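Please have the sequence and the structure open while I talk.

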Amino acid sequence: MTQFEQDWEQFEELSPFLNSGEVLYRSDPSLIFHEIVSRFPILAHRIDWNKIGHLRLLVPRSALEYENTITQFVESILWSLQMAEDEMLVAVFDGFTEGSLEIRSEVLRKMAHTFFSIAQHTYVVPKDYQWCLQYSFEGYLSFGFPSPHEGKLNSMFRLLMEAGFVLEMIKPT
């Protein structure tokens with residue numbers, strides 16, 4: 001068992017998904033980071049969201065509604081992207097739990113509060129890398145596309161604001 005697997009063993013709610021094969025360990029994140037870097041602008045080993053524009057949600061980890069807000073935000077993003085429940089995603093963790101997991105989108109819906117509560121950088125991308133959901137160490141949850149898609153972002157922004165989320169829409173600089 002790798003250190004990454006040991007780190008994730010402490011999250012008992014993940015065990016049923018590992019046992020069923022809905023989550024697979026991919027402990028070496030370097031190939032996935034390479035793909036992210038080839039598609040998204042990077043600054044200081046992180047996505048430079050300001051160059052492509054994005055939606056940003058800030059929910060302090062100490063907020064009473066943290067778990068519910070994160071879960072609803074992720075569900076709303078996946079719904080607006082028309083993600084099937086069985087569509088596979090890759091989650092990459094850079095920090096406390098360094099490595100990656102291959103997960104079904106339904107598992108992300110159920111486990112978002114866990115994946116995005118650890119003080120580290122976490123990236124979730126589909127297999128075609130057409131978008132990224134990133135949780136930063138500073139507590140921001142950002143979503144964007146690898147190149148400017150202002151129309152898509154505008155419609156998602158309106159949908160999420162109507163759902164009651166407090167967001168910023170950051171335009172590319």
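Let me start with helix α5, residues 105-115, which is mostly covered, since ten of its eleven residues are buried, where buried means under 20% relative accessible area, exposed over 50% and partly exposed in between, with a 1.4 Å probe and protein chains only. The buried residues of α5 include Val107, Leu108, Met111 and Phe115, and among them are also Glu106, Arg109 and His113. Helices here are DSSP runs of H or I with at least four residues, strands are runs of E with at least two, and both are numbered from the N terminus.

A word on provenance: this is a predicted model, in which local features need pLDDT of at least 70 and side-chain atom pairs count only at pLDDT 80 or more, while totals for chains, interfaces and linings use all residues. Residues are numbered from 1 along each chain as its sequence is written, and side-chain values use heavy atoms, with hydrogens and water left out.

Now to the rings. A search of the whole structure finds seven aromatic pairs, a pair being rings of Phe, Tyr or Trp (its six-membered ring) with centres within 6.5 Å, counted as stacked when the planes are under 30 degrees apart, as edge-to-face when over 60 and as tilted for the rest. Take Phe40 and Trp49, whose ring centres are 6.1 Å apart with the planes at 65°, so this pair is edge-to-face. Phe40 counts as buried at 3% relative accessibility, and Trp49 likewise counts as buried, at 7%. Phe143 and Phe145 also form an edge-to-face pair, with 5.3 Å from centre to centre and 80° between the planes. Phe143 is buried, with a relative accessible area of 0%, and Phe145 counts as buried at 4%. Together with Trp131, Phe143 and Phe145 form one aromatic cluster.

Which residue, then, lies in the loop between α6 (150-162) and β10 (167-170)? Gly164 does, and at 57% relative accessibility this glycine counts as exposed. Gly164 and Phe73 are 91 residues apart in sequence, yet 9.8 Å apart in space, taken from C-alpha to C-alpha.

I will end with another loop, the one between α4 (66-80) and β5 (88-94), where Asp86 lies. Asp86 is exposed, with a relative accessible area of 54%.
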